[in-house]
Amino acid sequence: MSGRDPFCQPRRIRRGAALTLVFASVLVAGAATGSFPEADGGDHKSASDAARSVAPAGHHQDVAEAAEEAMADGASPVEAAERAVSRSGDRWGAVYSRGEYEEFEEALDGRYTGVGLWARRERDGRIEVTRVSSHSPAAAAGIREGDRLRSVDGERVDGQPVTEVVSLLRGDATDAAAGTAVRLGLERGTRAWTRTVRRARLSTDSVAVRELADGITLIRIDSFTKGVGDEVRAAVRRAPAGGGIILDLRGNSGGLVTEAVTTASAFLDGGLVATYDVDGSQQALHAEPGGDTSRALVALVDGGTMSAAELLTGALQDRGRAVVVGSRTFGKGSVQMPSALPGGSVAELTVGHYRTPSGRGVDGRGITPDLEADDRALQQAETVIAGLGA
């Protein structure tokens, strides 16, 4: 499995908050986030939109009361709220301190503090660097794709989940800021060395586009941060005429639902993208008209494809717009709403679930690809494009 260094989530996101819908007096926008522990991981984080309203009653009241009582007793309201969420059985519920939620919101704008490398855990447990962001501290230190990351600040990382490695890179345990130093143990072939780099404020560069053979355009989306949908639409417009498109959503842990819907609009001529319920009230998300419906399209997915990425995949599959290639997706389709707690912390608690256009539930099931593929998924996708007559 794989993971991203620059786009991990705040510490508590690993236990919850995979899909957040943002409400004002009426629904304005939606946001989805999630993290897959073994997915491409970076020292950035996936994020949901900021809290705009108070969540409905239910176990929110218990969580709020627990936080309030803790404050009155001089204890930690965040820890008390977390215990209340755990007792509620809300698998994806999460509680954030004020500072964590501010970081959470910043990630929506594609900004994060880290060193600028992506990594994945190999089957033997070793951590391999899969990408280095240009103009980042990791790039300046000469770290390359294919290097092995052996330790972070002296702690061995072999065998650790990528999310834990990411947490070390970001310095989550000490709330490390830009400018703080982190010592990396690295290996390249037979060479082993240690390099100290300083964390910096970086951008996520969530969309990468490159042209493959036969005029095929590969569009990789690491996460759905602000502006991603427009970037994808621009990439589709620039793609060679008559060439097919591969939309690579492997390891995509989510992001803003609005951006996923905008991305869907690049390939659909309007119509339904997803439905969702919030405390029994049914709502729908629709694509904008005018998308490119003529090009051959393949969506690449894996077990790290989550939340908003699953919503997009399900829409393209159900609408007959894309052939889905890869392995079953993670299965995160629950809806959370954020609300303020005493002391300035924020709770995100589950209030419903979303479904694909055909009515399929995603939560706990995931999306089953049309064509199963593993190590050679990209080559399989190219073969499918050719077979579709791109």
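The axes of helix H1 (residues 59-72) and helix H2 (77-88) come within 8 Å and cross at roughly 150 degrees, where axes are lines fitted to C-alpha atoms, for helices over the stretch in contact, and angles run from 0 to 180 degrees between N-to-C directions. H1 and H2 are therefore roughly antiparallel, a term for angles over 145 degrees, whereas those under 35 count as roughly parallel, 65 to 115 as roughly perpendicular and the rest as oblique. The crossing of H1 and H2 is right-handed, meaning that the near helix is turned clockwise from the far one by less than a right angle. His59, Asp62, Val63, Ala66, Ala67, Ala70 and Met71 of H1 make the contact with Pro77, Ala80, Ala81, Ala84, Val85 and Ser88 of H2, contact being heavy atoms within 4.5 Å. By class, these residues divide into 10 nonpolar, 2 polar and 1 charged.

The model is predicted: local features need pLDDT of at least 70, side-chain atom pairs count only at pLDDT 80 or more, and totals for chains, interfaces and linings use all residues. Residues are numbered from 1 along each chain as its sequence is written, and side-chain values use heavy atoms, with hydrogens and water left out.

H6 passes H7 in a right-handed crossing. Here Val228, Gly229, Asp230, Val232 and Arg233 of H6 meet Glu259, Thr262, Thr263 and Ser265 of H7, a contact with 2 nonpolar, 4 polar and 3 charged residues. Val228, Gly229 and Val232 are also buried, as are Ala234, Ala235 and Val236 of H6, buried meaning under 20% relative accessible area, exposed over 50% and partly exposed in between, with a 1.4 Å probe and protein chains only. The cover over the buried residues of H6 includes H7 together with strands E14 (207-211), E15 (217-221) and E16 (245-248).

The structure also holds 1 aromatic pair. Trp92 and Phe330 form this pair, which is edge-to-face, with 5.9 Å centre to centre and 70 degrees between the planes; rings of Phe, Tyr and Trp (its six-membered ring) pair if their centres lie within 6.5 Å, and planes under 30 degrees apart count as stacked, over 60 as edge-to-face and the rest as tilted. Because Trp92 lies in the loop between H2 and strand E5 (94-96) and Phe330 in the loop between strands E20 (323-326) and E21 (334-340), the pair ties together parts that are 238 residues apart in sequence. Trp92 counts as buried at 9% relative accessibility, while Phe330, at 22%, counts as partly exposed.

Methods
Helices (H or I, at least four residues) and strands (E, at least two) are DSSP runs, numbered from the N terminus. Ala, Val, Leu, Ile, Met, Phe, Trp, Tyr, Cys and Pro count as nonpolar, Asp, Glu, Lys and Arg as charged, and the others, Gly among them, as polar.
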